[in-house]
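Student: Please take me through this structure one question at a time, with the cut-offs behind each term.

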Amino acid sequence: MQKPLLWVTFHLPQELLEPIKSYVDVKMWQDPEFDMPQDEFEAAAQEADILWTVVSNRVTADVIKRAPKLKMIANLAVGYNNIDTEAATEAGIIVTNTPDVLADTTADLAFLLMMMAARRTLEGARALYQGQWKGWQVLGMTGMDIHHKTLGIIGMGTIGELVAKRATGFDMNVIYHNRHEKPNAYGAQYRSKEDLLREADFIIVLTPLTPATRNLITKEELALMKKSAMLINVARGGIVNEDDLYEALIKGDILAAASDVFVEEPVPTKHPLLTLANFTALPHLGSATVETRLGMVSRNVESLLAYFNKHSIPFRVV
Ligand code: 8YV
């Protein structure tokens, strides 16, 4: 009997395929360095029974329409904004993700990025590596303390709660905004979005990207923030409007910003935000530890094995 075709649309070490390889024929994107171009991804989707995707693969309604055999998509991420889940549901396609396993790791990175912005570590390291560290000055390379400051978390899911937990260890006062109030979130206090924007010294954005959160932070929201405040996005590009953020950083409406995520990833080298000294960027490293990435692969493998064995499917989104 012919086995279903699993298309792995990113490069995955062979040994990680071991647990599932007897169930499927496998095709895989072979370039470990560059993402699969969208047109090649769409061609793969047309022949696949199962897709194993990453966030750079856009599974639009149109892609689904032209994928007659497709029955399952395992997405190697907790976020699944790259997949039109409504179209998948209509077509009877199962979608799974990788919840919980990356929350601590991403919370660590959120905290790291906040501290990088606050203590100007990218600027400092850049100066050092470029031979620009000339001497000691009283106010040279001085940043801002984070301890005893107010941290505002927008999007209080699992990662938000774990950021709040870390912040308490740094004596931060934590406020948050979320669709639902979370009474047990490590002492964090609920605020309206506007109050949070006005009060916080640091704001970390942690919502999923949905139609409701696209452009959640635009020039209006940035204008409400303190001039001394910093904005950190570790969620998804598009939640913070990049053009408005650039303007706000140039004009001094806020002091600094940092981001692990961008509207276009990989980020074009000429991205205006990358030219600013008060902007710290990382290349979508939120979940990038060996332990966590392997944990994410395991989540997907568990879902795939359940599918092959006709069991109820864990980590199912639709
Ligand atoms: C992934 C992420 O590494 O899980 C998510 O939603 O953003 C990251 O952990 C990335 O999306 C790669 O697919």
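Student: In which segment does Phe315 lie?
Tutor: This is a predicted model, in which local features need pLDDT of at least 70 and side-chain atom pairs count only at pLDDT 80 or more, while totals for chains, interfaces and linings use all residues. Residues are numbered from 1 along each chain as its sequence is written, and side-chain values use heavy atoms, with hydrogens and water left out. Phi of Phe315 is near 60 degrees, a positive value in a residue other than glycine. Taking helices (H or I, at least four residues) and strands (E, at least two) as DSSP runs numbered from the N terminus, Phe315 lies in the segment after α10 (290-308).

Student: Is Asp100 buried or exposed?
Tutor: Asp100 sits in the loop between β5 (94-96) and α4 (103-118), and its phi is positive, about 65 degrees, although Asp100 is not a glycine. Buried means under 20% relative accessible area, exposed over 50%, and partly exposed in between, with a 1.4 Å probe and protein chains only. Because the relative accessibility of Asp100 is 52%, this residue counts as exposed.

Student: How far apart are the C-alpha atoms of Gly79 and Thr98?
Tutor: Gly79 is placed in the loop between β4 (72-75) and α3 (85-90), and because its relative accessibility is 18%, Gly79 counts as buried. Gly79 and Thr98 are 19 residues apart along the chain, and their C-alpha atoms are separated by 8.2 Å.

Student: Which strands stand at the edges of the open sheet?
Tutor: The sheet has 7 strands with parallel pairing, in the order β8-β7-β6-β9-β10-β11-β12, where two strands pair if DSSP finds at least two bridges between them. Each edge strand has a single partner strand, so one side of each is left without a neighbour in the sheet, and these edge strands are β8 (189-190) and β12.

Student: What is the bridge partner of Ala257 in β12?
Tutor: Strand β10 (residues 230-233) pairs with β11 in the parallel sense over 4 bridges, and here Leu231 has Ala257 as its bridge partner, while Ile232 has Ala258. Strand β11 also pairs in the parallel sense with β12 (residues 279-281), over 3 bridges. In β12, the bridge partner of Ala257 is Phe279.

Student: Which residues of β11 point the other way from Ala256 and Ala258?
Tutor: In a regular strand the side chains alternate between the two faces of the sheet. In β11 (residues 256-259) all are buried, with Ala256 and Ala258 pointing one way and, the other way, Ala257 and Ser259.

Student: Which elements give two or more residues to the lining of the largest cavity?
Tutor: On a 1 Å grid over the protein atoms alone, a cavity is a set of points where a 1.4 Å probe fits but cannot get out, and lining residues have an atom within 4 Å of a point. Grid points are joined across faces, edges and corners, and a volume is the space filled by probe spheres set on the points; the largest cavity comes to about 90 Å³. Of its 15 lining residues, the closest to its centre are Asn233, Val240, Leu245, Ser259 and Val261. The elements that give two or more residues to this lining are β10, α9 and β11.

Student: What is the volume of the second largest pocket?
Tutor: A pocket is an open set of points with protein on both sides within 12 Å along at least five of seven lines. The lining of the second largest pocket includes Trp133, Lys134, Trp136 and Met141. The volume of this pocket is about 310 Å³.

Student: Where is the cis peptide bond between Glu265 and Pro266 placed in the fold, going by the position of Pro266?
Tutor: The peptide bond from Glu265 to Pro266 is cis, with omega near -5 degrees. Pro266 has its place in the loop between β11 and β12.
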